[in-house]
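Below are some comments for a colleague who is opening this structure for the first time. Please read the points with the model on screen.

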Amino acid sequence: METYLYIALFAPIVGSLITALFAQMPKKICVGIFTSTLIFISFISSMILLNYVDEDQIVHVKLMDWISAGNLSIPFGFVVDQVSVIMMVTVTLVSTVVHIYSIGYMDHDESFNRFFSWLSAFVFSMMILVMSDNFVGLFIGWEGVGLCSWGLIGFWYKKHSASWAANEAFIMNRIADLGMLMGLFLIYWNIGSLQYDIVFAQIVNLDINVVTWIGIFLFIGAMGKSAQFPLHTWLADAMEGPTPVSALIHAATMVTAGVYLIVRAGEIYTLIPDVGLFIASLGAFVAVFAASMALVNRDLKRIIAYSTLSQLGYMFVAAGLGAYWIALFHLMTHAFFKSLLFLGAGNVMHAMDDELDIKKMGGLYSAMKPTAILMSIASVALAGIYPLAGFFSKDKILEVAFNNGSYFLWFALFIGAGMTAFYSFRLVMLVFFGEKVHKKLGFNPHEAKPFVIYALTPLALLAIVAGFFEQSFHEFTTQLLVNYEFTLDHSIALILIFATSAVAISGIAFAVYKYKRGGFSEKIEEWGVYKLLINQYYIPKLYKDGIMKPFTSFSKFLWLNIDNMIVDKTVDMIAGAIYGTGEKARKMQSGNLSSMLRWMVAGIIILLALAIFYRPMV
Amino acid sequence: MIGLTHYLVLSAILFAIGLVGVMKRKNLLMLFFSTEILLNAVNIGFVAIGHYYGDLSGQMFAFFIIAVAASEIAVGLGLLVLWYKKTGSTDLDSLSMMKG
């Protein structure tokens, strides 16, 4: 089984490194096929491991000693247990689809080969993140996915907005990573090890204050990666990257790493329910906050990005309240339908010559039926309608909130569910149905290549059926994770299910009804609420005016006054003194032997005088 | 009575004369003379002090210096003759080929 572990882990990096050699060369189709095959092999290995892992057999290997200095010993170890194998399968499955899809999507791009190299490198980093058996390995993967995300958001680096967004994402994550590092230091300081099993075994012996701080710091790291408020702005801007990247990294896998961290560190968070409640509250807030921004946005990809944010909020609610397996379950189902939604959006973008404004589309159904059907499936799943995947996972989260007695959280999520249904179908209606606005604007849409559509079908299939695996998923993951006890009455649970479904269906119905008749009038754009939402609550503006501008002027002050006047002047003075001495002393080297002899005599006399009169203290 | 001091004073005077000669003279031949004076001033000092302490090493060293000086002059004069044949001058200031 160890062989399968190594294959699953290292197949992507082999593809990435070999492909990197061709990065500068013109497009080679075999590069795409080669990396896709390797990722697929990795997926197969993960599936074999999924079959193998059960209650009393997990795969745990130590590749080598990595860092060992003094008492610090960190082996390069990997573990495949119930949690990591679920993540591995999800990551490799979505990656395989995205790789195949990208062969079609990046067809005309001149940096075709470079794209695949980065993409495979990302998969490798993500695999390290989920498979590591210690916090340091997780951190390496964590930074690795951050790096690859930077390279892929800024893939079209000649575009200013793309490179800006890449830097924004990288810097925001770095801020959060500081929190994560502090958490790791605290763990090491107090326990003396960073191995999961040792840490979780000993964490109960620690002072509760220390555990609280560890929990807070680790969550700060998770907030950055999973784009929770107030570090959320980078995710919407990250949509500058190619669409397959948005699907793989900024929807299905990387942004869920924060949730994975909380789930993995569940043993820590069960000790500190207060921090858990905070996580859940923040998650519920983000769920509504992001969904509200998605209601009015006109950018196809940004709407889906906000929806991702909102769904991440749901996952954090579940994880914060201790229902780790439900968070993981929603993570998995979300990965399927959200990447499907994104990849469908990529098809639409291609059809519309990279136009993103959904008000300029409309009536695309006749031109691209398969994509329309796939995206509708994904939207229904996202909205949480029975029997699609989103229904099972999202509904469970609402149940958890209700069960926990946090009715306010439940209500926020309930509203969020309605909003989710509305904006998903607003998108579907505006893009695929209604008046054919694009005809007037001179667009000539066409469906994507057949193999691209075929590549998406597994995701669509899973978006439909994944929910039915709930029972086995529950049994499988709770072998490792803390189980969550439902104390709710069966009848109340049923009422909740009906209520949630009703709000989702009414959201859909409202969207369909409204946009069938041409949507809202232009007047709505005058409303204060609309302006607040379309400007993303003025938060990007606040960051720009409140943080970036003062910081820029402060840096400018330091540059002009401190650096230029003090530091540079000092350095210049030293250099000037030496240079000036040289310039003056140059005249000694006149080439005249007689004067040189005189200098020599002068030197001897000085040395003699020193020898006679200077007596160093002994 | 002539003592150690006298010899040392003589040595110092000769050394000073040699030093001035090295600094002042422009003729290469005169420079050789001056260096000879310098070396012999030192020799006088060595011999005088060696005699004063009853130690033969000073005088032995003086012989060494005489031998070295002789070989130096032999080589130096050879070079000087060549230089004279080449440039027709023994002026020190004409030796400036190495100037950067």
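1. In this predicted model, helix α3 (residues 82-105) of chain A packs against helix α20 (residues 450-465) of chain A at an angle of about 165°, and their axes lie 9 Å apart. The axes are lines fitted to C-alpha atoms, for helices over the stretch in contact, with angles running from 0 to 180 degrees between N-to-C directions. α3(A) is therefore roughly antiparallel to α20(A), a term for angles over 145 degrees, just as those under 35 count as roughly parallel, 65 to 115 as roughly perpendicular and the rest as oblique. Helices (H or I, at least four residues) and strands (E, at least two) are DSSP runs, numbered from the N terminus.

2. The crossing of α3(A) past α20(A) is left-handed, meaning that the near helix is turned anticlockwise from the far one by less than a right angle. On the α3(A) side the contact is made by A:V97, A:I100, A:Y101 and A:G104, and on the α20(A) side by A:F451, A:V452, A:A455, A:L456, A:P458 and A:L459; contact here requires C-beta atoms, placed from the backbone, within 7 Å. By class, this contact has 9 nonpolar, 1 polar and no charged residues. In that scheme Ala, Val, Leu, Ile, Met, Phe, Trp, Tyr, Cys and Pro count as nonpolar, Asp, Glu, Lys and Arg as charged, and the others, Gly among them, as polar.

3. Two conventions apply throughout. Residues are numbered from 1 along each chain as its sequence is written, while chains are lettered from A and ligands numbered from 1 in the order in which they are written. Because the model is predicted, local features need pLDDT of at least 70 and side-chain atom pairs count only at pLDDT 80 or more, whereas totals for chains, interfaces and linings use all residues.

4. Chain A has 25 helices and 2 strands, and its C-alpha atoms fill a box of roughly 110 × 65 × 50 Å along the principal axes. Among contacts in chain A with a separation of 6 or more, 82% join residues 24 or more positions apart.

5. Strand β1 (residues 59-69) and strand β2 (residues 72-80) of chain A run antiparallel and are joined by 9 bridges, where pairing asks for at least two bridges found by DSSP. A:V59 has A:V80 as its bridge partner, and A:K62 has A:G77. The two strands form a hairpin with 2 residues between them, and A:G70 in the turn has a positive phi of about 60°. β1(A) is hardly covered, with 0 buried residues among its 11.

6. Several loops of chain A deserve a look at the backbone. The peptide bond from A:F229 to A:P230 is cis, with omega near 5°, and A:P230 sits in the loop between α8 (208-225) and α9 (233-237). Another cis bond, with omega about 5°, joins A:Y386 and A:P387, and A:P387 is in the loop between α16 (369-383) and α17 (389-403).

7. Where is A:D353, and is it buried or exposed? A:D353 lies in the loop between α15 (324-351) and α16 of chain A, has a positive phi near 55°, and counts as exposed because it has 11 C-beta neighbours inside 10 Å.

Key: Contact = placed C-beta atoms within 7 Å. Buried ≥ 20, exposed ≤ 12 C-beta atoms within 10 Å, placed from the backbone.
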